Amino acid sequence: MTFTVRDAVRLYGIDGWGNGYFDVNARGHLVVRPNRDDVAVDLMQLVPRLKAKKARFPVLVRFPQILANRVHEIFGAFGKAILEFGYSGAYRGVFPIKVNQQSEVLEPLIAAGRPLGMGLEAGSKAELAIALANELSDDAVIICNGYKDAAYVRLALRGVALGKKVFLIVEKPQEIGLIQRVSEEAGVKPLIGVRIRLRARGSGKWEKSGGTEAKFGLTTQELIDAVDQLKGTGMLDCFRLLHFHVGSQIPEIKRIKAAVKEGARVYAKLRAEGCPVDHLDVGGGLGVDYDGSNTSYDASMNYSVQEYANDVVYFVKETCQAENVPVPTLVSESGRALVAYHSLLICEVSGQNSNGEGEELIVPADAHEGLKGLFEIYNTMSRKNHREYWHDAEEKREVLMGHFDLGYLSLRDRALTERLLTLIGRRALQFAKEDRFLPEEFEQLEKRLITKYIANFSVFQTIPDSWALDQLFPILPVHRLDERPIVHATLCDVTCDSDGEVDRFVDLRDVKDSLELHPLTPDKPYYVAICLIGAYQDVMGDYHNLFGRVDEAHVVAGKGGGARITRVVPGDNADDVLKIFGHDAEKMVDAIEDMAKAAMRAKKLTRSGANEILAEYREAIEGYTYLDVNG
Ligand SMILES: Cc1ncc(COP(=O)(O)O)c(C=O)c1O
């Protein structure tokens, strides 16, 4: 049966997680539709153009148009809900800077959000410094979350003095006194918000951010005490915003509804107590459907952006109506949903491990008797006896290895033993899979025998959450999508860490422990894309084995169908990462030079040999940290 590009779309679940931004064209190439329309950027055609622009691989490709498209989708959804439910308040979404602090991301995001009144959320002084320096619309709000010191509070107050709507969010009770003191000293009336701990919590990996034991926020008693404290010092009129956040990536809409209902009720009760609070900030948590299953699984979400906006608007309005209080200005802090889609990594597969696939073995006549026994097992294994024979083979292997330990087995026979056992294992597994139920020992065997493709990237730099939290990201070939992918493989990175491997892949019904890929062809590069990595991953990556930041390219789709590479931002060279960790590259070069001179004096090296060593050392230190796969 032929394999078509539509089969590829189905196999990799592109219609699900792609959310209209990803597709496959007739050439079998992965394409990106930054505006979710007919204009598509062919990623495979981009590869030589990126190389011509001196972008080195692996390369991170950003689509600023996707950022703008996401802003419009989320603001559009709230606008629509406000109209539909006749909500008399406004919506002021903010982008949480922590989700991606890169200026390359913030600039297009802020530009797209400015006409819509989009604001920013900061979680530290440095992030607040960014928020204050950017030109936002007059309506936009700036939310200051995170624990604070006097300098943080002062900086926020300077923002207020500059005419910006900067809200200081009280995360713990002591911050009230701090804000009172610093604002008195600065002579600036603060805008105060209070984060509360809801009973409601999210679900999934970030569930701990919500609930009554959460790290941030005030309990109900602390909230009441805060109100009394502000009243007592004549500052109650500064209390203008109520905030909650029950966790990132909330997969279930019922969790969001519960949080919004509870938060809205607290808001309404505060109003009834005479608090002038007039903003309700529902935090982040709007999900991204990383596996495209549209379910309540961790990596997915069982609702749409529109449903999210509808629920926030509807339940706040309903609660306010029931309590007979005015509706608040709505603020949300969606980060992941705004930026996850906009970037992907293209990396090249540089090889694979040997796991006996397609291998034939001949056991020589003079081989060890035990080896001949193993070979016999291999040749006579059948569907009926595969389990028993596999156990026999394992036992024989132990005996043979015991002989090796005592010096009775040659190194060559040991190699043959290992290879034979792999082949027997493959055959046993093949038979085992023909049965309805796969016993656990064969599940384990399957994992051990899986093909490993080695790709030129670092899990720790590019997708740290895959390592730290088992988060799933869609990964698929960039080309050959009109050809059946017959290899099932995991993806190993180039770090020297066995954790640097992706062995969980998105699937509509399950999580796959291998990815369907194509057989590698000698001398022909094979590229895969790691998608939806624009949220959190960009800034949380680390320098394991000193693999640094990757080169970046910004790509804009033109109306006529072409794509423009508007910018290439070089990543780290080795000397950049060495500097981060306190090494002085120049001193290191000097040290090598001294060694070369000493070797010349001792007549162990000629001048040209010494110069060559020095030039190569310099080149290594000034080069990209990733492999030059084709070099
Ligand atoms: C207070 C706060 N707001 C907003 C966010 C962003 O959440 P998300 O990226 O899920 O929208 C976070 C992240 O967890 C957060 O802690």
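The legends below describe a predicted model, in which local features need pLDDT of at least 70, side-chain atom pairs count only at pLDDT 80 or more, and totals for chains, interfaces and linings use all residues. Residues are numbered from 1 along each chain as its sequence is written, and side-chain values use heavy atoms, with hydrogens and water left out.

**Figure 1. Overview of the protein.** The protein contains 22 helices and 23 strands; these are DSSP runs, numbered from the N terminus, with helices (H or I) of at least four residues and strands (E) of at least two. Along the principal axes, the C-alpha atoms fill a box of roughly 95 × 75 × 55 Å. Of the 631 residues, 54% are buried, where buried means under 20% relative accessible area, exposed over 50%, and partly exposed in between (1.4 Å probe, protein chains only). Contacts are defined by heavy atoms within 4.5 Å; among those between residues at least 6 apart in sequence, 74% join residues at least 24 apart.

**Figure 2. Surroundings of the ligand.** The ligand is surrounded by 15 residues, the closest being S248, E333, G335, R336 and Y536; a residue is counted if one of its heavy atoms lies within 4 Å of the ligand. By class, this shell has three nonpolar, eight polar and four charged residues. Here Ala, Val, Leu, Ile, Met, Phe, Trp, Tyr, Cys and Pro count as nonpolar, Asp, Glu, Lys and Arg as charged, and the others, Gly among them, as polar.

**Figure 3. Side-chain atoms at the ligand.** A polar side-chain atom of S248 is 2.5 Å from an oxygen atom of the ligand, and a side-chain N or O atom of K98 is 3.3 Å from an oxygen atom of the ligand. For E333, a side-chain N or O atom lies 2.5 Å from a nitrogen atom of the ligand. On its own the ligand has 390 Å² of accessible area, of which the protein covers 91%; such areas come from the Shrake-Rupley method with a 1.4 Å probe.

Figure 4. E121 belongs to strand 6 (residues 119-122) and is buried, at 1% relative accessibility. Most residues other than glycine have a negative phi, and most peptide bonds are trans. The peptide bond from F57 to P58 is cis, with omega near 5 degrees, and P58 sits in the loop between helix 3 (43-52) and strand 4 (59-62). N294, not a glycine, has a positive phi of about 55 degrees; N294 lies in the loop between strand 11 (279-281) and helix 11 (305-323) and is partly exposed, at 48% relative accessible area. Y536, also not a glycine, has a positive phi of about 70 degrees. The loop that holds Y536 runs between strand 21 (526-530) and helix 19 (537-540), and Y536 is buried, at 16%.

Figure 5. The structure holds zero disulfides, a disulfide being a pair of cysteine sulfur atoms within 2.5 Å. C492 is in no disulfide, and the nearest cysteine sulfur, that of C347, is 12 Å away. C492 is buried, at 12% relative accessibility, whereas C496 is exposed, at 72%.

Notes
A polar contact is a pair of N or O atoms within 3.5 Å; within protein, one must be able to donate a hydrogen and the other to accept it, and residues adjacent in sequence count only if both atoms are side-chain atoms.
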